[in-house]
Amino acid sequence: MIKIKNINKKFGKLEVLKDINLTFNKGECIALIGPNGCGKTTLIKAILGMVIPNNGRIECHGKSIHNEYLYRKTIGYMPQIGRYPDTMTIGQIIEMIKKIRNSHSDLDEDLFKVFELEKMFDKQMRTLSGGTTQKVSATLAFLFNPDILILDEPTAGLDPLASELLKEKIIREKEKGKLILITSHLLSELDDLITEIIFMQEGKVHFHKKVADLKAETNEKKLSKAIAQILKNTKDEQNY
């Protein structure tokens with residue numbers, strides 16, 4: 001569904017993406033992880049067309065996204081921190097996005113219902129807690145039945161119940177054959193969700209593996225321990 005070929009990106013003299021080659025297929029839930037400043041956010045913004053690579057090619061559904069925008073209709077994006085007009089209410093925000101998207105597909109209101117946002121329809125965005133703002137962002141990401149979901153730290157700020165409800169929703173959408181790309185620092189949150197993992201470091205893809213293969217290679221059941229072992233082994237090899 002998404003192919004990234006030989007992508008490089010510089011901001012001034014700083015090279016933040018270095019020859020990135022990745023393929024994301026439908027039905028996969030892929031975790032994009034790595035330390036702060038490793039290039040995760042820049043890569044996501046490049047896929048969304050918000051950052052233009054210096055060279056290389058990004059394809060969505062088999063077509064280049066260069067100078068295109070309609071492909072974004074197939075993507076639902078949940079930012080790490082949603083920014084909304086302070087004085088607009090939850091209801092006004094949702095209605096505004098519906099009009100902007102002008103989508104004729106059936107709306108997916110699962111999260112709208114389970115988060116009980118109708119009870120807060122008249123609350124202004126400036127009065128909301130960070131967790132409630134996250135609920136609005138999650139609802140909007142799933143609302144238009146996108147084929148691709150890009151979720152940036154989706155459970156950050158959510159209470160345990162809301163986090164579990166969102167994870168259950170992600171699993172259901174993956175089972176429908178959608179492509180889901182997640183960034184997260186909380187590896188414990190990902191164990192039941194993801195099928196593949198990409199670790200980035202200093203602008204490069206350090207590894208891209210199936211979760212099952214990663215656990216088998218390391219003989220670890222927990223994702224966090226498997227990743228730690230891979231990174232330790234790599235560091236030891238470099239120091240040898």
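This is a predicted model: local features need pLDDT of at least 70, side-chain atom pairs count only at pLDDT 80 or more; totals for chains, interfaces and linings use all residues.
Trainee: How far apart are the N and O atoms of R172 and D110?

Mentor: They are 3.9 Å apart in a salt bridge between the two side chains. R172 lies in helix α5 (residues 160-175) and D110 in helix α3 (residues 110-114), so the pair links parts of the chain that are 62 residues apart. Helices here are DSSP runs of H or I with at least four residues, strands are runs of E with at least two, and both are numbered from the N terminus.

Trainee: Which residues are in the network of salt bridges?

Mentor: The network links D108, D110, K169, R172, E173, K176 and K178.

Trainee: What about K5, which residue does it form a salt bridge with?

Mentor: K5 pairs with E59, and their closest N and O atoms are 3.2 Å apart. Because K5 sits in strand β1 (residues 2-11) and E59 in strand β4 (residues 55-60), the pair ties together parts that are 54 residues apart in sequence.

Trainee: Is E59 buried or exposed?

Mentor: E59 counts as buried, at 10% relative accessibility, whereas K5 is partly exposed at 32%. Buried means under 20% relative accessible area, exposed over 50%, and partly exposed in between, with a 1.4 Å probe and protein chains only.

Trainee: Changing topic, what is the strand order in the open sheet?

Mentor: The six strands run in the order β6-β7-β8-β3-β9-β10, with mixed pairing, where two strands pair if DSSP finds at least two bridges between them. The edge strands, β6 (75-78) and β10, each pair on one side only.

Trainee: And in which sense do β6 and β7 pair?

Mentor: β6 and strand β7 (residues 148-152) pair in the parallel sense over four bridges, and the bridge partner of Y77 in β7 is I150. Helix α4 (residues 130-143) lies across β6 and β7, running at about 175 degrees to β6. Axes are lines fitted to C-alpha atoms, for helices over the stretch in contact (heavy atoms within 4.5 Å), and angles run from 0 to 180 degrees between N-to-C directions.

Terms used:
Residues are numbered from 1 along each chain as its sequence is written. Side-chain values use heavy atoms; hydrogens and water are left out. A salt bridge is a side-chain nitrogen of Lys or Arg within 4 Å of a carboxyl oxygen of Asp or Glu.
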